[in-house]
Amino acid sequence: PNYALAKTMQQWRCMVAAFDENMTVAAPMAPPTRTQSVVHSSQAQAGSEGLQYFAPNVFFDVQPCSSLMTAIVLHQLSTATSTTTTTK
């Protein structure tokens, strides 16, 4: 529940920054990743390993996912254009 709340708060903060403060934001969601917080629980680790048997689901290793997400954020920030218009 704490992780879900934290991610929801992050998305809300991005929405406030984009719409109320006219800021450019980038907050892509990462795919499922075998982080330490996931694999420390035997149940979560078993679930992540079993996910591969339900196409098209894939669980990624940390390093490729980290590199991918860095590239996505840098691309979003370097090509950012304001597509949001707000009226108050």
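Visitor: Start with arginine 34. Is it buried, partly exposed or exposed?
Guide: This is a predicted model, to be clear. Arginine 34 counts as partly exposed, at 25% relative accessibility. Buried would need a value under 20%.

Visitor: Which side chain does arginine 34 meet in a salt bridge at 2.9 Å?
Guide: Aspartate 61, with that 2.9 Å taken N to O. Arginine 34 is in the loop between H1 and H2, and aspartate 61 is in the loop between H3 and helix H4 (62-78), so the pair ties together parts 27 residues apart in sequence. Aspartate 61 is partly exposed too, at 44% relative accessibility.

Visitor: And which one at 3.0 Å?
Guide: Glutamate 49; its side chain and that of arginine 34 form a salt bridge, again N to O. Here the loop between helix H1 (2-19) and helix H2 (36-39) is tied to helix H3 (residues 42-50), because arginine 34 sits in that loop and glutamate 49 in H3. The two parts are 15 residues apart in sequence. Glutamate 49 has a relative accessible area of 33%, so partly exposed.

Visitor: Which residues end up in one network, then?
Guide: Arg34, Glu49 and Asp61, joined by salt bridges that share partners.

Visitor: How many salt bridges does the structure hold?
Guide: Three. One of them pairs the side chains of arginine 13 and glutamate 21, at 3.3 Å, N to O.

Visitor: Are arginine 13 and glutamate 21 buried, partly exposed or exposed?
Guide: Arginine 13 is partly exposed at 44% relative accessibility. Glutamate 21 is partly exposed as well, at 38%.

Visitor: Switching topic. What's the volume of the second largest pocket?
Guide: About 260 Å³. Its lining has 15 residues. Nearest the centre are Tyr3, Lys7, Ala30, Pro31 and Thr33.

Visitor: Which elements give two or more residues to that lining?
Guide: H1, H2 and H4. H4 gives the most, with four residues.

Visitor: What's the lining like by class?
Guide: It has 10 nonpolar residues, four polar and one charged.

Visitor: How far apart are leucine 74 and alanine 26?
Guide: In space, 8.9 Å, C-alpha to C-alpha. In sequence, they are 48 residues apart.

Visitor: Now the backbone. Which peptide bond is cis?
Guide: The one from alanine 55 to proline 56 is, with omega near 0°. Proline 56 lies in the loop between H3 and H4.

Visitor: Where is asparagine 22, and is it buried or exposed?
Guide: Asparagine 22 is in the loop between H1 and H2. It is exposed, with a relative accessible area of 56%.

Terms used
Residues numbered from 1 in each chain as written. Predicted model: local features only at pLDDT ≥ 70, side-chain atom pairs only at ≥ 80, totals over all residues. Heavy atoms only, no water. Salt bridge = Lys/Arg side-chain N within 4 Å of Asp/Glu carboxyl O. Buried < 20%, exposed > 50% of the residue type's maximum accessible area, 1.4 Å probe, protein only. 1 Å grid on protein atoms, 1.4 Å probe; cavity = no way out; pocket = protein on both sides within 12 Å on 5 of 7 lines; lining within 4 Å. Points joined across faces, edges and corners; volume = space filled by probe spheres on them. Nonpolar A, V, L, I, M, F, W, Y, C, P; charged D, E, K, R; others polar.
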